[in-house]
Amino acid sequence: MSIAPLTLPGMAILASLASALIALGSGRAPWLMRGLCLPLLALAGVLAAGAGVGVLNTGGAALTSLPLGLPGHPWMIALDRLSGLFMLLIGLVVIAVSVYAPGYLREYEHGEDSLPALGFFSGVFIAAMMAVVLAADAFGFMVCWELMSLSSYFLVAFQHQHSANRRAAFLYLLMAHIGGLSILLGYAVLASHGGGLGFEAMRDAALTPAWATLAFALAFLGFGMKAGLVPVHAWLPEAHPVAPSHISALMSGVMLKVAVYGFVRFCFDLLGNIQTSWGVTVLVVGAVSALLGVLLALMQTDLKRMLAYSSVENVGIIFIGLGLSMVFAASGAPTLAALALVAALFHSLNHALFKGLMFLGAGSVIHATHQRNMEQLGGLLRRMPWTGLFVLFGALALSSLPPLNGFASEWLTFQAALQAWSLHNGLLRSLIPITAAMLALTGALAAACFVRAYGISFLGLARGKSARKARETGWGMRAALGLLAVLCLLLGVLPTPVIQWIEGIPRELLGTGLPHATQHGWLWLTPVSPATASYAPLWLALGLALAWGLTALLLRRGAVRKITRGNAWDCGFGTRNARTQYTATAFSQPFGRVFGMLFQVDAGLREDEGGGTPRYLSQVSDHFWGWLYAPVARATLLGGRLASHLQSGHLRHYLGWTLATLLLLLWMIS
Amino acid sequence: MNEQVTGYWLATLLQPLVLLLAAPLLVGWIKRIKSRLQNRRGPAVMQPLRDLRKLFAKQPVVAKTASPLFRAAPYVVFASTLLAVTSVPLWSIWLPSTTVADVIVLVGLLGLGRFFLALAGMDVGTAFGGMGSSREMLVSALAEPAMLMAVFTLAMSAHSTNLSSIVAFNLDAGVVLRPSYLFALLGLILVAIAETGRIPVDNPATHLELTMIHEAMILEYSGRHLALMEWAAQLKLALYGLLIANLFFPWGLAERFTPLEGLGALALVGGKLLLLGALLAVAETTLAKMRLFRAPQFLNLAFLLTLLGLLSNVILESGL
Amino acid sequence: MTQLPLLEQAILVLAALTLLASFSMLAQSRLTSAIHSFAWQGVMVAAATALVAAVGHAHHLYLSALLTFSLKGLLIPWMLHRLVRRLNMEREVENIAHPALVVLAGALLVILAYWIALPIERLELASTRNIIAISLAIVLLGLWLMIARRQVVTQVLGFMSMENGLFLAAVASTRGMPLVVELGIAFDVLVAAVLFGVFFFHIHESIESLDTGKLTRLTEEEPA
């Protein structure tokens with residue numbers, strides 16, 4: 001077993017690049033896609049996951065330089081525990097996606113959309129994400145980062161016939177570049193103080209607090225933009241839904257996590273010396289993102305848009321964990337910082353799994369009905385029982401309900417927040433419980449959101465013709481969903497092995513792990529100490545199964561076993577049809593009324609132009625468009641108009657400007 | 001030692017059975033007191049138990065349009081509520097079942113039950129079901145954070161989220177008056193009223209279409225499914241009563257379970273629950289049901305109280 | 001916390017209840033209920049005073065407790081009640097704009113008050129700092145009540161509850177003011193209540209409402 005630790009991930013990247021290249025030929029021969037590209041991707045996923053598990057198990061950072069990059073600055077790659085966790089995360093979702101894609105792409109094979117482009121950019125996208133996680137120098141990191149942004153831009157713009165998609169893709173590109181610039185500047189600050197582009201040199205950089213804060217602010221802005229934190233989240237709900245669903249799963253499930261990885265790498269590893277104010281900033285931004293994300297998700301009627309907003313929520317939860325960790329680290333409580341960091345990383349992994357599951361599930365629904373609007377769906381559980389079952393697991397996990405994995409990580413976050421009493425600073429002691437309250441509200445609203453989404457789409461009567469004709473999808477798509485659903489359940493019931501893996505990361509970054517996490521044995525999760533809190537999810541799951549089974553068994557033995565089927569009672573009203581059901585809008589209307597001040601609800605009667613029947617329309621929009629984006633756009637336009645005065649149209653004027661610039665530059669270097 | 005261990009497990013296994021019997025009786029008791037207050041004779045205290053027995057013996061009718069989830073939901077709701085009830089200290093502080101789940105898990109279990117209850121309401125595709133689900137989720141979305149805040153107040157004092165540790169801490173501290181506990185208690189009472197569907201948020205006795213929340217969701221159930229749903233609701237009421245009684249007034253709980261002490265504790269807890277039930281009956285008789293959009297204000301108040309409690313605890317009390 | 005003797009804990013709890021009464025005034029849209037909350041607040045303050053008297057063996061405080069009880073617990077609420085009855089406003093429900101926000105802002109004020117009181121060192125009674133924090137919160141809430149509401153009666157309640165907060169602070173930190181001063185203040189409050197009553201009548205007679213929002217009609221300029 002003398003494989004160098006970097007062989008596996010390197011092969012994973014090569015496999016996905018090979019898949020990208022082969023996909024170019026699939027225009028002529030569509031079977032290449034199914035027969036070669038996607039299996040290669042699956043192989044890449046398996047290799048990446050294997051590499052991740054290996055590193056998490058044994059540890060050890062392997063640093064290698066590649067014969068690539070700038071002269072004098074070879075690309076460095078390394079695989080430590082943190083990279084390993086994210087490799088695992090990428091690998092798992094990629095496996096599921098590549099099992100899913102053959103069935104999903106079948107209808108693209110004969111469509112007008114270009115299959116080679118899709119395959120090529122998917123491969124590049126996946127390879128770039130893996131490479132970002134591996135990169136150990138700023139130059140390589142940024143090149144891969146931009147490659148990831150660009151390839152995903154082309155995936156968002158894949159169905160560019162619709163102008164809305166083009167607009168979404170442009171917004172995405174714009175914000176990805178602003179974010180990328182910000183990250184680049186952050187690295188520049190570190191590199192100038194540390195004397196090198198390599199991460200090793202940056203770790204040793206001695207920064208004054210002011211420079212450190214600047215670097216933190218730049219990194220937070222850049223990575224936060226990619227991760228979709230409020231208020232720089234606007235691209236996310238536009239861009240994620242318009243890509244093909246398996247790509248949405250990759251973007252929401254994995255790419256946002258790559259941003260989380262970047263933030264953790266930058267702040268915890270490279271920057272070090274965390275300050276309390278940073279932690280508070282991250283905490284507050286995370287809490288606001290979580291709450292606003294879930295509220296906006298609750299108001300959406302588009303299935304994938306709803307999921308995209310829910311990603312904003314979950315990224316918010318992850319950043320609450322990170323913020324807590326930073327606060328604790330800055331206040332000299334490394335064990336608690338480790339706990340919060342583990343919670344955040346665990347939630348990253350979990351979110352990748354269940355959001356991947358949900359996006360793939362949404363893809364199956366779209367595949368079967370060609371409909372993204374919940375108001376046209378309904379009754380799918382009876383027509384697509386397997387898909388319905390697996391998506392139910394995803395919905396439960398997203399609502400953070402026991403015994404699934406979403407609950408386990410949220411439980412850890414709560415445990416970290418509840419240790420706030422040990423802090424000396426009164427402000428932090430009162431702030432952290434308030435964020436815990438917001439987290440609690442977020443969790444409850446998420447449950448409402450997914451009851452609504454699941455109940456409207458999968459239960460009840462079919463609201464549209466397409467939903468009535470829905471058929472269960474092929475086995476590949478179901479298998480992918482099943483794989484992710486089982487993983488969600490497994491991680492929820494047996495979180496301790498994974499947490500033992502993750503626990504190595506704070507040991508590397510913060511110097512302490514969670515010494516008491518498994519003091520009671522591997523069945524029990526006792527993050528701080530057994531007396532403080534314990535959770536035995538396996539026992540809980542068994543208890544639930546036992547209670548269910550016993551009840552069912554006892555009732556089976558009763559005199560009346562049979563069930564009569566009849567018409568619904570409905571309080572005796574006999575006029576029940578698909579149109580008298582509650583709609584998604586109706587379901588969320590009370591929420592809109594109660595939380596209306598947090599977003600804009602425009603509702604009212606609109607007359608049709610053609611003089612037809614008036615319609616009641618309601619539209620929900622972000623306050624942030626008006627507060628942040630519109631002013632920025634206006635200022636940019638204004639600046640552009642001012643700058644346009646330079647363009648007089650006379651050649652001599654342009655030459656004059658050129659001369660002036662030349663003189664200025666000469667003066668500067670002299 | 002061995003005897004002790006057997007005692008533990010016995011107590012753990014007996015606890016859900018005891019509560020399964022006690023919960024319908026508690027509801028019967030409340031109905032009885034309420035009737036008396038309204039100058040009616042009212043049904044016997046045993047009546048809810050008799051109703052359950054009758055429902056179990058009836059053949060259930062399931063709507064033609066119902067999916068498998070409709071039939072599975074009552075079991076999930078019942079099992080999760082039963083498990084939640086098992087994890088609250090009833091007669092002894094330290095039991096195996098209380099270390100499996102802490103207070104956050106307890107809230108999560110109730111959430112699991114509610115999730116399936118609301119889904120079941122939407123399954124048949126009736127307008128009432130969807131309405132009930134939407135309202136239930138609204139009420140619970142506002143109530144759940146308040147509930148968590150209330151128990152966090154206790155958890156921050158005891159430095160633990162384990163219910164046993166909290167109870168033990170409060171028992172050790174003796175009679176201590178804390179403003180934060182007061183706020184938390186008041187908040188928890190408001191939450192309990194909202195979550196168990198009592199007046200003024202919901203009316204357990206109504207089948208008037210536009211006012212119901214809980215009843216609207218289980219409208220389509222009959223036979224044993226309905227019985228399970230009803231039983232789960234009764235258990236939930238008992239659970240909240242138990243939480244209020246044993247967390248805030250833990251006197252009488254046995255530190256270690258022995259049959260004799262256990263029975264004594266049970267009698268005391270029963271007394272506390274009867275008292276709470278009587279208070280609830282009085283409150284329900286004197287208050288009028290609010291319209292739906294008043295409920296957020298009511299729960300807002302609960303959230304605020306619990307938040308104040310938590311803040312008082314964190315800022316004022318931990319400094320001393 | 002556990003070291004505190006029971007009586008002092010009781011004082012703290014009473015102070016917290018006083019704060020709660022302030023909140024219920026803030027959240028109540030019904031006039032008579034708000035007056036009842038105010039009466040309860042007076043009773044709590046009186047009880048707290050009596051307890052402080054018992055703890056500190058300060059006998060003159062019994063007198064001020066009695067005074068507080070009879071004035072703020074009984075007399076002034078009764079007067080306000082009678083007034084409201086005579087103006088036929090018993091069923092009046094004030095329409096509060098954004099009730100959730102009003103209450104939330106109240107909570108923020110409480111946090112602020114806690115904050116300001118944190119640096120205060122421990123005084124004679126171990127719970128004094130906490131009571132001062134609570135009294136400050138009551139004062140701020142009273143002011144906020146006057147700002148957030150437009151009803152004259154509610155505004156007066158806000159004013160009176162500010163006075164309650166000040167009184168509580170005085171009792172807790174210095175075991176009450178000299179009796180003469182307290183008598184003076186009590187008399188002031190009483191006179192203020194009577195004067196307010198007279199004003200109510202006049203306002204009500206001239207604009208047929210007690211909504212201060214409508215007082216802007218009295219300006220000479222035409223409203224824009």
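**View 1. Leu662(A) sits in helix 25 of chain A, which covers residues 651-669.** Helices here are DSSP runs of H or I with at least four residues, and strands are runs of E with at least two, both numbered from the N terminus. Keep in mind that this is a predicted model: local features need pLDDT of at least 70, side-chain atom pairs count only at pLDDT 80 or more, and totals for chains, interfaces and linings use all residues. Residues are numbered from 1 along each chain as its sequence is written, chains are lettered from A and ligands numbered from 1 in the order written, and side-chain values use heavy atoms, leaving out hydrogens and water. Leu662(A) counts as partly exposed because its relative accessibility is 48% (buried is under 20%, exposed over 50%, partly exposed in between, with a 1.4 Å probe and protein chains only).

**View 2. Here's where chain A meets chain B: 78 residues of chain A are in contact with 81 residues of chain B.** Contact means heavy atoms within 4.5 Å. Together the two chains bury about 6900 Å², with 72% of that on carbon and sulfur atoms. Buried area is the accessible area (1.4 Å probe) that two parts lose on being put together, summed over both. On the chain A side, Trp421(A), Ile563(A) and Arg565(A) lose the most area to chain B, together 9% of what that side buries.

**View 3. What bridges the interface of chain A and chain B?** The rule finds zero salt bridges there (a side-chain nitrogen of Lys or Arg within 4 Å of a carboxyl oxygen of Asp or Glu). Helix 17 of chain A gives the most to the side touching chain B, with 18 residues.
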